[in-house]
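Dear colleague,

Please find below the sequence and structure that I am handing over to you. My notes on what was found follow directly after.

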Amino acid sequence: MLTLGGKDMPVTAHHVDDQQGYRWIVFEGKDPEDVINALHLTADMLKQAGYGDSLLAAMFAFTPSWYLIYTYRRAAFYPFVPQLSHRRDQAREFRIAQTLKPFMPIEKDPERWYALWDPPL
């Protein structure tokens, strides 16, 4: 499934199991559009195979050190800005959310902005 794109979709993918027992599929490529298409294709195939309830989130890494998380169950995005000692920069998260709100569905309830610590990205 991770190699279906072939030459038409120059994206590499590999999976990593984390310390909590979750499996991450990590996509990499030069063109963000190709990476997002590979992610969608894989998520759709997993749903069709009956694993839709197992999909928790998609996580996109940005520089410097913040992430955009998409929750499959809520069909919404939220920012995550980790700091040292498993703390977060919530003020920056709110600023990012406000900036992105006109362009994408942002999770309205900040209580559902779950931290995904130590991602293998």
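This is a predicted model: local features need pLDDT of at least 70, side-chain atom pairs count only at pLDDT 80 or more; totals for chains, interfaces and linings use all residues.

The buried residues of H1 are Asp-34, Val-35, Ala-38, Leu-39, Thr-42, Ala-43 and Leu-46. Viewed down the helix axis, these buried residues fall within an arc of 165°, so they line one face of H1. In general, an α-helix has 3.6 residues a turn, so residues three or four places apart point the same way. On the face of H1 turned away from the buried side, Glu-33 and Gln-48 are exposed.

H1 spans residues 32–51, 20 residues in total. Its end C-alpha atoms are only 25 Å apart, short of the 28 Å that a straight helix would reach at 1.5 Å a residue.

E3 and strand E4 (residues 66–71) run antiparallel and are joined by 6 bridges. In one part of this pairing, Ala-57 has Thr-71 of E4 as its bridge partner.

**Aromatic residues**

The count of aromatic pairs comes to 7. Tyr-70 and Tyr-72 form an edge-to-face pair, because their ring centres are 5.3 Å apart and their planes stand at 90°. Tyr-70 also pairs with Phe-77, and this pair is tilted, with 4.8 Å from centre to centre and 55° between the planes. Separately, Tyr-67, Phe-80 and Trp-117 form one aromatic cluster.

Is Phe-77 buried or exposed? Phe-77 counts as buried, because its relative accessibility is 17% and the cut-off for buried is under 20%.

Setting aside residues up to four places away in sequence, Met-104 touches Phe-77 and Leu-68. Met-104 is found in the segment after helix H2 (90–100), and it is partly exposed, with a relative accessible area of 24%. The C-alpha atoms of Met-104 and Asp-89 are separated by 21 Å, and the two residues are 15 residues apart along the chain.

With kind regards

How values were computed: Residues are numbered from 1 along each chain as its sequence is written. Side-chain values use heavy atoms; hydrogens and water are left out. Two strands pair if DSSP finds at least two bridges between them. Helices (H or I, at least four residues) and strands (E, at least two) are DSSP runs, numbered from the N terminus. Rings of Phe, Tyr and Trp (its six-membered ring) pair if their centres lie within 6.5 Å; planes under 30 degrees apart count as stacked, over 60 as edge-to-face and the rest as tilted. Buried means under 20% relative accessible area, exposed over 50%, partly exposed in between (1.4 Å probe, protein chains only). Contact means heavy atoms within 4.5 Å. The expected span of a helix is 1.5 Å times one less than its number of residues. The arc is that of the directions from the helix axis to the C-beta atoms.
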